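Let's walk through this model together, one set of contacts at a time. Keep the sequence and the 3D view open as you read.

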Amino acid sequence: MNRFALLLLVLPVSLACGRDGTTAVPSSQSQKACGTPASSETVRIMQGLQPHCEGCHAQGARGYFASVDAFQSLMVSDPRLVKAGSPEESELIRLLEGRGSAAFKQMPIGEKSYAQLVSDGTAKLSVADVRAWIQSLSTQQRDARPDPEAPRITRMSATQVQRALYQQLGLTHDDFFSSATEFGIPMAESYEDERYPMQPPDAVPAPRQHTTGERFYGLGGGSVFNQSTPDRTASPTFALTLTQVSQRWCRLALAKTGNTALFPAGSKHTADAVDVKATLRRWSLRFLGERFTDAQVDALYADVFVPLSTPTDTEPAYVGVCSYFIRHPHWIFY
């Protein structure tokens with residue numbers, strides 16, 4: 001792995017001018033691509049609302065609470081949600097008070113509106129504060145176009161990791177779970193925890209074992225039901241969980257009868273250097289969409305495959321190179 005690739009994996013990315021929390025812009029360039037900057041009062045309002053809103057709005061087109069820049073550009077600068085100088089015409093206020101005019105009548109979704117949460121003492125920022133903030137806002141400028149010079153890099157989400165591994169390794173939900181019921185409710189019951197099954201808590205049918213959800217959380221997965229925020233950072237927990245899952249699932253894929261995902265018909269599963277290197281070239285395309293050079297293949301063979309291989313057992317070596325591709329920054333990030 002070269003130094004640039006390693007840096008992508010370990011260094012945090014500073015976000016600015018993000019439309020959905022995934023755009024990285026150097027701080028020195030942020031102002032030329034941004035509209036009205038967020039004020040200190042806007043930051044205070046965001047932080048006050050965040051504990052009750054980020055569970056559903058931390059990523060995607062409605063990722064208002066992914067960052068201060070996302071809140072400013074997606075919420076504050078959108079007159080459909082915040083009408084500067086007019087709280088009564090702001091949909092944000094209507095949602096907080098439980099009288100929304102669109103599909104949803106209140107935020108957060110649940111039995112109580114935000115205003116009721118304030119009354120109960122659960123929410124600390126009052127609706128009056130939000131009203132006063134909107135009343136004091138001047139017209140907000142919003143960029144219609146992104147900065148063409150802004151580099152973009154996004155870490156795969158937990159759901160994307162699971163789906164990609166299923167497809168690339170030739171595994172399915174049925175390799176990990178069987179149908180079960182609990183109090184008459186359909187559930188997904190894992191065959192054995194040693195297979196490292198993983199299922200998001202919001203999945204239908206829901207998993208019976210807590211450990212399946214813990215691995216999903218370990219990969220940065222969130223939950224609408226549990227009001228937990230997704231984490232798209234390359235954290236140590238993510239790296240550790242991905243390493244464990246990739247190694248175990250690669251082993252399952254290699255052992256799965258009739259699985260042609262890693263070794264299509266006609267390919268050879270041997271210890272011969274020529275056969276192994278042909279597999280490494282094929283896997284570089286399968287996992288990364290890149291064709292490794294002869295030098296890259298030789299280095300991977302010498303540094304990963306050979307140390308893990310024995311004269312009588314090549315499985316650890318194939319598991320090692322399979323996991324190598326999954327943990328490669330070009331697989332993790334896009």
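R281 is partly exposed, with a relative accessible area of 31%; here buried means under 20%, exposed over 50% and partly exposed in between, computed with a 1.4 Å probe on protein chains only. R281 and D294 form a salt bridge, with 3.1 Å between the closest N and O atoms; the term stands for a side-chain nitrogen of Lys or Arg within 4 Å of a carboxyl oxygen of Asp or Glu. R281 sits in helix α11 (residues 273-288) and D294 in helix α12 (residues 294-308), so this pair ties together parts 13 residues apart in sequence. Helices are DSSP runs of H or I with at least four residues, strands are E runs of at least two, and both are numbered from the N terminus.

A word on what you are looking at: this is a predicted model, in which local features need pLDDT of at least 70 and side-chain atom pairs count only at pLDDT 80 or more, while totals for chains, interfaces and linings use all residues. Residues are numbered from 1 along each chain as its sequence is written, and side-chain values use heavy atoms, with hydrogens and water left out.

Side chains of opposite charge can pair when their charged atoms come close. How many salt bridges does a search of the whole structure find? The search finds 13. One of them joins the side chains of R251 and E315, at 3.7 Å from N to O. Because R251 lies in helix α10 (residues 236-255) and E315 in helix α13 (residues 315-326), this pair ties together parts that are 64 residues apart in sequence. R251 is partly exposed at 43% relative accessibility, and E315 is partly exposed at 28%.

Now turn to E88, which forms a salt bridge with R131, the closest N and O atoms being 2.6 Å apart. This pair links distant parts of the chain, 43 residues apart: E88 is in the loop between α4 (68-76) and α5 (91-96), and R131 is in helix α7 (residues 127-136). E88 counts as partly exposed at 46% relative accessibility, as does R131 at 23%. Salt bridges that share partners join E88, E97, R99 and R131 into one network.

The loop between α4 and α5 also holds S86. S86 counts as buried, at 14% relative accessibility. Its side chain makes a polar contact of 2.8 Å with the side chain of E89; such a contact is a pair of N or O atoms within 3.5 Å where, within protein, one must be able to donate a hydrogen and the other to accept it, and residues adjacent in sequence count only if both atoms are side-chain atoms.

What about the nonpolar interior? The largest nonpolar core has 45 residues, and L169, W249, L262, W283, F287, I326 and W331 have the most contacts inside it. A core here is a set of buried Ala, Val, Leu, Ile, Met, Phe, Trp, Tyr and Cys residues joined through side-chain atoms within 4.5 Å. Elements giving two or more residues to this core are α8 (158-169), α10, α11, α12, α13 and α14 (329-332). Leaving aside neighbours within four places in sequence, W283 is in contact (heavy atoms within 4.5 Å) with residues including L254, L262, Y318 and F325. A second, separate core of 25 residues includes Y64, A70, L92 and L96.

Finally, find H328 in the loop between α13 and α14. H328 is buried, with a relative accessible area of 7%. A polar atom of its side chain lies 3.0 Å from the backbone nitrogen of H330.
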